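User: Can you walk me through this one? Start with the terms, please.
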Amino acid sequence: MMENVLLPKLAKIVKSEKMTAIERFLQVEVLDKKFAEVFDYQPGQFIEVSIMGVGEAPISTCSIRTKKGVIDLCVRNVGRVTNAIHHLNIGSLIGIRGPYGNGFPMEEMEGSNLLLVAGGLGVAPLRSVLQYALKNRAKYKDITVFYGIRTYDTMLFRDEFYNLLAEGDKLGCKFYLSYEDSKDKQCISLEAEHSERCMCGVVTKLFERIKLSPEDTYAIICGPPIMYRFVVQELTKKQVPPEKIYMTLERRMKCGIGKCGHCIIGDGTSIKYVCKDGPVFTYWDALHTKGMI
Amino acid sequence: MKYVKLPKENLDAFVENLKTHGKVYGPVKIGEYYSFQEINNSKEMSLEYSRTMIPPKKFFLKLKERLFTFNEEKGEYKETLEEEKIVVFGIHPCDINALKLMDKIYIDETPDKYYKMRRENAVIVGYGCHPDEYCFCHSLGTNYAADGFDLFLHELKDGFFVRVGSDKGNAIVSEISELIKDVEGSDIEEFRAAERKREKEYTLELNIRGITDMLALAYESEVWKEYADKCFGCGSCNLVCPTCRCYDVVDNVNLNLKSGERLRRLDSCMLRKHGLVAGGLNFRPTRIERLRNRFNCKGSLREDTLNCVGCGRCTVYCPSQIDYVEVLKKVRGEL
């Protein structure tokens, strides 16, 4: 019988931890053993999460697969479905579909430097890129991470990133942190401790701190829509070619398979559905597809 | 292609036979509009119809349908898809070509089970038409259906010139062998003459040469504001468009709050919510952006064809009389 791609598969919440006032970390495990075997996903892909009676929302994975049938999600309480997700207990049943989307071209980027630029919640999908690259460390040259936060309270994966800030070089990644609230005491003390890696300002300010070699660097961006233009500006100034700047976009991806039409962008010469053609696009895509960033 | 002839007096017997293949729907006049409705005999149909208000997409991507039920206590999602055999009689070439565009999205890419099953359970009987002042299908090459049907009827003086487009169509023809005749040379000549005549009946032209670039170049044009000021943002154009297929999804909960159903229903890119994401950010916040998006979507290349078949519905049924062809002429700078 033909597969019904719109029918969610049952999964249960195995972990749910509060990360910030509005974000939770969730670990989800699919129930069906056969599906668990084949359920795999790449950095940058997303799944559709269903809550019975509430609805469905696209959430990107924030890690690589470590265990069969398990996926990690970082969910901000921002709408109806995500609010319901925040109120689920361990053991609660949800539905999932996917994974969907193209993901980041991890193989294409082999042999190059990686520069990850994340703002706010945008760090969630980039964390899976970072995990993948660190797991396959020998395949990449330098790995640099820029993470921009507003305040210390909004910092996601705090222990993990604090560890990277302090010990990152030993683990194979140069981690930089920027914070926007100049009066934030915890951020100020972080800066005092790691002045070479932490500074006050927007995430693009961190470009002052590094020397970038445009001929063998891929940039990977994820953050609030406003951030893309500024980061791209910096990268262009540093001569990184448009086809080596990757970004992952947010849109209303209701179906995940290019049918429902809500995530459409572009003009007559280039129409894209973010869920199916993306959500990962290059800056070159943005240059010839109007309305992308 | 196999060709046969159906004498006029056998049309009703033909429709009788079609009823054995499923519920038969045909174009019926309701008030001043036409609609595909279930019919019992050929006399209920208005085969000389211009266009139905709602295109035949309604049979395949239902305006509203249940996708599945869910039950939290039982922990299940249950498919509730029911098969039904139907025959859609009298579809015009533009609408057949529109279904072919829909098939590309709903069958060729990640197949949609609901749509695909209904397409497979349907017999498509096409019917030749004459253009009115709103038809511009000939500009798009969709005024003729080369395939995408099981049977296609072209009217002759004393019967119908029938093109047999599929094995399903051929099976039907073999069942009614006593009702049909072989085509003769004079029938072929009559069919050819009618097609030559029809080509000359078109009055409306849309130049689609380079339209994709013209749309991209007009992205910041004042045209969009001019028409957005006229547009009510009602979404009628989406509803009546044979290639518009955006849908919205909603969960309905039963009173026990534990079980319910997920529905999908036709959506409209002209409505404010279309580009809205959780948290309140809207990627197409104004009517200008939404109108521009609709025209760019319709005017975009999907493989070798545009996403429009020139049926004229969006112009005919726009409550604000926005003329689709006129807008695209302005985009090009012709007006």
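Analyst: A crossing is left-handed if the near helix is turned anticlockwise from the far one by less than a right angle, and right-handed if clockwise. The model is predicted: local features need pLDDT of at least 70, side-chain atom pairs count only at pLDDT 80 or more, and totals for chains, interfaces and linings use all residues. Residues are numbered from 1 along each chain as its sequence is written, with chains lettered from A and ligands numbered from 1 in the order written.

User: Which hand is the crossing of helix 2 and helix 3 of chain B?
Analyst: Left-handed. Helices (H or I, at least four residues) and strands (E, at least two) are DSSP runs, numbered from the N terminus.

User: What about the angle between those axes?
Analyst: Roughly 125 degrees, with the axes of helix 2 and helix 3 of chain B coming within 8 Å. Axes are lines fitted to C-alpha atoms, for helices over the stretch in contact, and angles run from 0 to 180 degrees between N-to-C directions.

User: New topic. How many residues does each chain give to the contact between A and B?
Analyst: Chain B gives 41 and chain A gives 35. On chain B's side, helix 7 has the largest share, 5 residues.

User: And the sheet: what is the strand order?
Analyst: It is 5-4-12-11 in chain B, open and antiparallel. Strand 5 and strand 11 are the edges. Pairing needs at least two DSSP bridges; strands 4 and 12 of chain B have 7.

Methods
Contact = placed C-beta atoms within 7 Å.
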